[in-house]
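Please look at the backbone and the aromatic side chains of the model shown here. The report below takes up a few local features in turn.

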Amino acid sequence: PLTALCTDISTKMLLVGSKEGHIMCWSIASFLEDPQNSKNQIEEKLCWRAHSNEVVDLLHEEEKNVVVTASIDGSVRLWHATKGYYFGYFGQPRKFELSDISRVILPCDVNNFPIIIKAESKSMEKKKKFEYPLMLDKDK
């Protein structure tokens with residue numbers, strides 16, 4: 001279940017947090033422009049594990065392109081909004097390095113890297129055709 005959500009100022013991107021600690025980023029711009037057009041869909045762009053427990057709040061700061069997440073365990077973390085890279089947590093002894101996204105680091109309780117969902121991979125899946133579809137054989 002989803003436990004937190006927020007959008008950017010222009011309402012082009014929807015960020016949601018889940019009970020399992022995941023953050024998902026959805027592109028909603030084309031859908032909101034013309035919801036009656038079936039070609040305009042909500043597309044998932046990015047998913048990452050932000051916490052090992054439930055996400056209770058999200059904040060998207062567009063100027064710095066960061067997402068702040070808070071969990072039921074009391075941790076508050078900072079992430080790159082469009083890549084899901086971890087910058088650190090509030091209360092850490094070092095300053096946040098928002099410009100350095102060259103190295104991918106993860107919090108100690110998370111071991112899943114962000115997954116960028118590309119539209120090409122979805123269209124490739126739809127094009128698969130099977131030469132021998134499964135058929136129900138009542139005799140067997």
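## Loop residues with positive phi

N65 is partly exposed, with a relative accessible area of 24%, and in this predicted model N65 sits in the loop between β5 (55–61) and β6 (66–71). Although N65 is not a glycine, its phi is positive, at about 60 degrees. Most residues other than glycine have a negative phi.

T11 also has a positive phi without being a glycine, here of about 55 degrees.

## Aromatic pairs

The model contains 2 aromatic pairs. In one of them, W48 and W79 are tilted, with 5.8 Å from centre to centre and 45 degrees between the planes. This pair connects distant parts of the chain, since W48 lies in strand β4 (residues 43–49) and W79 in strand β7 (residues 76–80), 31 residues apart. Both W48 and W79 are buried.

W79 also pairs with Y86: the ring centres are 5.0 Å apart and the planes stand at 55 degrees, so this pair is tilted. W79 has a relative accessible area of 0% and is therefore buried, and Y86, with 10%, is likewise buried.

## The cluster

Through these ring pairs, W48, W79 and Y86 are linked into a cluster.

Key
Residues are numbered from 1 along each chain as its sequence is written. This is a predicted model: local features need pLDDT of at least 70, side-chain atom pairs count only at pLDDT 80 or more; totals for chains, interfaces and linings use all residues. Side-chain values use heavy atoms; hydrogens and water are left out. Helices (H or I, at least four residues) and strands (E, at least two) are DSSP runs, numbered from the N terminus. Buried means under 20% relative accessible area, exposed over 50%, partly exposed in between (1.4 Å probe, protein chains only). Rings of Phe, Tyr and Trp (its six-membered ring) pair if their centres lie within 6.5 Å; planes under 30 degrees apart count as stacked, over 60 as edge-to-face and the rest as tilted.
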